[in-house]
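I opened my notebook for a friendly look around a structure. Here is what I looked up.

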Amino acid sequence: MNQRLSQTLLGAAAALTLAAGTVSAAEWRGWNIHVPGYPNTIAMDRFAELVAEKTGGEITLQMFHGGTLGSQPDAIEQVRIGALEIGNFNLGPIGPVVPEANVVSLPFIFKDVDHMFRVLEGEGGKMIAAGMEKKGLVPLAWYDAGARSFYNSDHPINSPEDVKGLKVRVMNNDLYSGMIQQLGGNPSPMAFAEVYQALKTHVVDGAENNWPSYESTGHFEVAGFYSLSQHLIIPECVCINADVYHALTPEQQKAVREAAEESAVLQRKLWAEREKASREKVEAAGVKINLISDKAPFQAAMGPVYEKFLADNPDLRPLVELIQATP
Ligand code: BDP
């Protein structure tokens, strides 16, 4: 073979390899807000490994943890428009974009975490997923985020009167602002990353979150009263951009879903362990924890929040009632 011909052939082979590479190998980027060692962080890394394994390397996912790619509301937008492929989102900040998903942010709607998963695994979960998909997000699996309770730097909360006058950080969602207002407090919507400093400098008096986030953020160091209101039980998703998902082959869709589901099994196991460990850690650090013996006054105060939500979203009444009727 003369030199020119062999060079041409080599060039053609290289071009083919390159073309094959670009056609079949997708490189995705994923967003997660949590720190190393957090259950979601470990589970999302496992998800990335499983995606590569189960697609035989056709798809790889690079995870960006600690919110380095932006705040949660921004990241939700990025996944919706396809600037990012994957996100591990809390349904709280998805609510303002997806009315069906906002139902989970009605305070006290779930009896406990098991009730939440029963709803998600049934008709309710299908309705929420369909609403999300219409807005460009496909939930592949659900993660546990426990129950959220109030904490502040001033005093234990036992009744709604104890919330009166407190400035409380909430996630960006009008339902949470309404919830704090109904309890007589002043809501302060703020990005997760800003809360530690805001608590420390008394820009806010308190916030609300589950044990692992209260602990992993260090909020317990600057807001040492944790009161077990358990007013919100919000699921989290492994979410994918809808167009990206629908462009996959059926085999790839199956692989990606299985990877997410397997990561969720791991996440829920790690979650149970971390809830316990986080509680022990903050208790040892001197946090004053109190049970709330009577939650009824908190629940009763949420009447107007429900009424406004149903007046604004009359078509969601069946979903709310379905959740309330789910044993
Ligand atoms: C944590 C959630 C995270 C939220 C955070 C918050 O896992 O997605 O961003 O709460 O309060 O529990 O902003």
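My entries go from the ligand to a helix pair and then to a glycine.

**Ground rules.** I am working with a predicted model, where local features need pLDDT of at least 70, side-chain atom pairs count only at pLDDT 80 or more, and totals for chains, interfaces and linings use all residues. Residues are numbered from 1 along each chain as its sequence is written.

**Ligand.** I looked up what surrounds the ligand, and the list includes Ile-33, Gln-72, Phe-192 and Glu-236. Residues count as near a molecule if the C-beta atom, placed from the backbone, lies within 6 Å of it. I then noted that domain 1 (3-144 + 235-276) and domain 2 (148-233 + 287-314) each give at least three residues to this shell. Those bounds come from an automatic or database domain assignment.

**Helix pair.** Next I checked α7 (residues 123-134) and α16 (residues 317-325), whose axes come within 10 Å and cross at roughly 145°. Axes are lines fitted to C-alpha atoms over the stretch in contact, with angles from 0 to 180 degrees between N-to-C directions. Helices are DSSP runs (H or I, at least four residues) and strands are too (E, at least two), numbered from the N terminus. Glu-123, Gly-124 and Met-127 of α7 meet Leu-319, Leu-322 and Ile-323 of α16; contact means C-beta atoms, placed from the backbone, within 7 Å.

**Gly-224.** Where is Gly-224? I found Gly-224 in the loop between α11 (219-222) and β9 (225-232). Gly-224 is partly exposed because 17 other C-beta atoms lie within 10 Å (20 or more would be buried, 12 or fewer exposed, with C-beta atoms placed from the backbone). Gly-224 touches Ser-153, Gly-286, Val-287 and Lys-288, leaving out residues up to four places away in sequence.

Notes:
Two residues are in contact if their C-beta atoms, placed from the backbone, lie within 7 Å.
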